[in-house]
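Morning, everyone. Please have the structure open on your screens while I talk.

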Amino acid sequence: DDPERLAAFQARIDAGEKIEPKDWMPEGYRKTLIRQIGQHAHSEIVGQLPEGNWITRAPTLERKAILLAKVQDEAGHGLYLYCAAETLGVSRDELTEMLLDGRMKYSSIFNYPTLNWADIGAVGWLVDGAAIMNQVPLQRTSFGPYSRAMIRICKEESFHQRQGYDAIRKMAEGTPEQRRMAQDALNRLWFPSLMMFGPSDKDSVHSEQSMKWKIKMNTNDELRQKFVDQTVPQIEFLGLDLPDPGIKWNEERGHYDYTDPDWSEFYDVIKGNGPCNTDRLAARNKAWDDGKWVRDGLLAHARKKAAARVA
Ligand code: ACO
């Protein structure tokens, strides 16, 4: 790329201007956005699976209606994000195929199982809580379509977090058995939630360049710390035990200290060896294959219509 063009591009980013699809952009900027937005879209879509699994087993009609709405929202988020990625010159079908054959990733968290109803509360509270922590700053990201998708997504995501907190609170205030289930869900999902923010800054491959381009607004560790600081008082309010003996207020830093997740587990999960990777991809592949006749039918119909217009 021509250095003058690159400098002018960087100056627009530094001035806080939004980059729009038809503007010139460096190839690396385009590629990084396709990777990040695509992975983000896939996460929303795959993220429907662990919760969708509990719609038919929700404990009350109200909880069922809430969960159904939330899972539908996730599908919508996936669609806004695929649309944002499409403005960069990649089709939704291409992105989907890259997910299905393992060339693209989705968030590590969705490779963990939801074993019982307490997990559904904990997913809303912790997983959606971590997701918003990452997505609120992305509303200011430099690429216009991504930023606008994030504004809408964050509104819905905060409802998701609250419904999860409300569900887990109900259990934490319930019978000893319900309380035990809430504690167990927190213990199991705590470290996987911390992993959602990505590897520690020293091992993050893309952070430096992505922050320069304002594709990312914060480092992985900054957001992870914010999440811990926000969530520890909520755990205390619920009267649950802390899931990590390393959590301790650090007066000097003005933050909670905490134990890092097991990074070897993280890398193992993103390589495809988490507890549910095989099931998740099998479910997405099945949905894609089962839907082939619908895609073929729609295309055939569109072709027939177009031919009739020409005639
Ligand atoms: N799960 C799976 N892969 C991850 C995760 C994770 N939690 N965190 C990092 N990775 C991958 C990166 O994609 C990258 O691999 P790649 O080069 O093959 O793409 C590698 O690990 C190294 O990480 P980083 O260099 O730190 O990657 P990056 O700068 O992209 O930061 C992050 C990762 C923070 C997830 C960033 O991509 C991001 O902010 N994405 C948008 C938010 C998002 O995707 N949320 C999805 C979950 S929330 C939800 O859907 C409800």
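One definition to start: helices (H or I, at least four residues) and strands (E, at least two) are DSSP runs, numbered from the N terminus. Next, where this comes from. The model is predicted, so local features need pLDDT of at least 70 and side-chain atom pairs count only at pLDDT 80 or more, while totals for chains, interfaces and linings use all residues. Residues are numbered from 1 along each chain as its sequence is written, and side-chain values use heavy atoms, with hydrogens and water left out.

Now the ligand. Which helix gives the most to the shell around the ligand? H2 does, with six residues. A residue is near a molecule if one of its heavy atoms lies within 4 Å of that molecule. There are 27 residues around the ligand. Lys105, Ser204, Val205, His206 and Lys216 come nearest.

Let's look at polar contacts. A polar contact is a pair of N or O atoms within 3.5 Å; within protein, one must be able to donate a hydrogen and the other to accept it, and residues adjacent in sequence count only if both atoms are side-chain atoms. Start with His206. A side-chain N or O atom of His206 sits 2.6 Å from an oxygen atom of the ligand. Val205 uses its backbone: an N or O atom there is 2.8 Å from a ligand oxygen. Gln39 uses its side chain, where an N or O atom is 2.9 Å from an oxygen atom of the ligand.

How much of the ligand does the protein bury? Taken alone, the ligand exposes 960 Å², and the protein buries 90% of that. Those areas come from the Shrake-Rupley method with a 1.4 Å probe; for residues, only the protein chains shown count as cover.

Back to the shell. The elements that give two or more residues to it are helix H2 (27-46), helix H6 (117-138) and helix H11 (263-273).

Met133 is found in helix H6. Buried or exposed? Met133 is buried, at 11% relative accessible area. Buried means under 20%, exposed over 50%, and partly exposed in between (1.4 Å probe, protein chains only). Met133 and Gly76 are 57 residues apart along the chain, and their C-alpha atoms are separated by 19 Å.

Glu265 is in helix H11. With 30% relative accessibility, Glu265 is partly exposed. Glu265 and Ile45 are 220 residues apart in sequence, yet 23 Å apart in space, C-alpha to C-alpha.

One more helix. Ala283 lies in H12 (residues 277-290). Ala283 is partly exposed, at 30% relative accessibility. From Ala283 to Gln234 is 49 residues in sequence and 34 Å in space, C-alpha to C-alpha.

Next, a backbone angle. Most residues other than glycine have a negative phi. Lys214 has a positive phi of about 55 degrees although it is not a glycine. Where is Lys214? Look in the loop between helix H9 (207-212) and helix H10 (220-238). Lys214 is partly exposed, with a relative accessible area of 24%.

Last, the cysteines. A disulfide is a covalent bond between the sulfur atoms of two cysteines. The rule here is a pair of cysteine sulfur atoms within 2.5 Å. How many disulfides does that give? The count is zero. Cys83 is in none: the nearest cysteine sulfur, that of Cys154, is 17 Å away. Cys83 is partly exposed, at 46% relative accessibility, whereas Cys276 is buried, at 9% relative accessible area.
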